[in-house]
Amino acid sequence: RHVTLHIASGETIGVIGGTGEGKSTLVSLIPRFYDALSGTVKVDGRDVREYTLENLRSGVSMVLQNGSLFSGTIADNLRWADPNATLAQMQAACAIARADEYIDRFPDGYDTVLEQNAANLSGGQRQRLLIARAILKKPRILILDDSTSAVDTATDAKIRHSFAEKIPGTTVFIIAQRISSVMDADLIVVLDDGKISGAGTHDQLMASNHIYQEVYKSQQEGATIDG
């Protein structure tokens with residue numbers, strides 16, 4: 001409700017807010033999983049309803065927290081995004097997502113067979129593979145919906161820095177619970193009850209938004225206790 005955002009191509013946008021505040025709903029308006037009841041959502045200056053669903057969604061990759069991997073090899077799963085992907089292209093995508101760090105340790109590498117629901121991978125390994133698959137699609141818009149929740153903070157940071165270096169023209173939306181996952185974003189949007197409570201950089205929100213301040217403080221205290 002009452003959401004107005006203007007996002008430049010190639011920017012990284014962070015979206016923060018509690019459970020049920022509308023984070024996933026907001027980004028789901030882009031590939032038209034939902035349609036806005038009022039107002040418009042535009043991509044490249046055109047109302048998303050003017051595109052065919054195929055054309056619109058071909059330019060969008062969305063990675064969910066518990067996305068699906070199927071029985072088959074790692075390469076099979078990656079090629080779901082691009083059936084013609086070469087090994088070198090898969091390796092490049094996995095390097096950005098830091099999935100290469102564990103795939104290269106498997107005796108069969110990209111021919112490693114995944115069990116049903118990729119049960120032979122950890123949660124963090126599954127999430128990194130899902131991100132690699134999304135990148136392999138070469139999207140213009142990449143949406144990560146809490147998709148690094150099982151990845152340690154150091155690896156999460158490496159993945160985000162790789163985005164800026166390796167896919168600079170891609171507009172990236174990062175929905176996260178951890179402020180550390182979005183604090184380097186060009187714009188951070190704080191949602192509260194389906195409305196924008198604040199929008200700005202990390203420093204701007206630390207100076208002006210009480211919700212952001214409270215979340216940051218609680219997470220810093222938690223990190224200190226864990227440490």
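**Second largest pocket**

I looked up the second largest pocket in this predicted model and got a volume of about 440 Å³. Its lining has 16 residues, and S61, M62, W80, R133 and K137 lie nearest its centre. The largest share, 5 residues, comes from β4. By class I noted 10 nonpolar, 3 polar and 3 charged residues.

I took a pocket as an open set of points on a 1 Å grid over the protein atoms alone, with protein on both sides within 12 Å along at least five of seven lines; a cavity is a set of points where a 1.4 Å probe fits but cannot get out, and lining residues have an atom within 4 Å of a point. Volume is the space filled by probe spheres set on the points, which are joined across faces, edges and corners. Ala, Val, Leu, Ile, Met, Phe, Trp, Tyr, Cys and Pro count as nonpolar, Asp, Glu, Lys and Arg as charged, and the others, Gly among them, as polar. Helices (H or I, at least four residues) and strands (E, at least two) are DSSP runs, numbered from the N terminus.

Residues are numbered from 1 along each chain as its sequence is written, and side-chain values use heavy atoms, without hydrogens and water. Local features need pLDDT of at least 70 and side-chain atom pairs 80 or more, while totals for chains, interfaces and linings use all residues.

**Largest pocket**

The largest pocket holds about 1300 Å³ of space. I found 42 lining residues, with L29, I30, T40, V41 and K42 closest to its centre. α1 gives the most to this lining, 3 residues. The lining divides into 21 nonpolar, 15 polar and 6 charged residues.

**Cavity**

I counted 1 cavity of 30 Å³ or more. The largest cavity has a volume of about 50 Å³. Among the residues that line it are L29, T40 and V41. Its lining has 5 nonpolar, 2 polar and 3 charged residues.

**Rings**

I found 1 aromatic pair (ring centres of Phe, Tyr or Trp, the last by its six-membered ring, within 6.5 Å; planes under 30 degrees apart are stacked, over 60 edge-to-face, the rest tilted). Y102 and F106 are edge-to-face, 5.8 Å centre to centre with 70 degrees between the planes.

I also noted the charged end of R46 over the ring of Y51, 4.3 Å from its centre (the rule asks for NZ of Lys or CZ of Arg within 6 Å of the ring centre and within 35 degrees of the ring normal).
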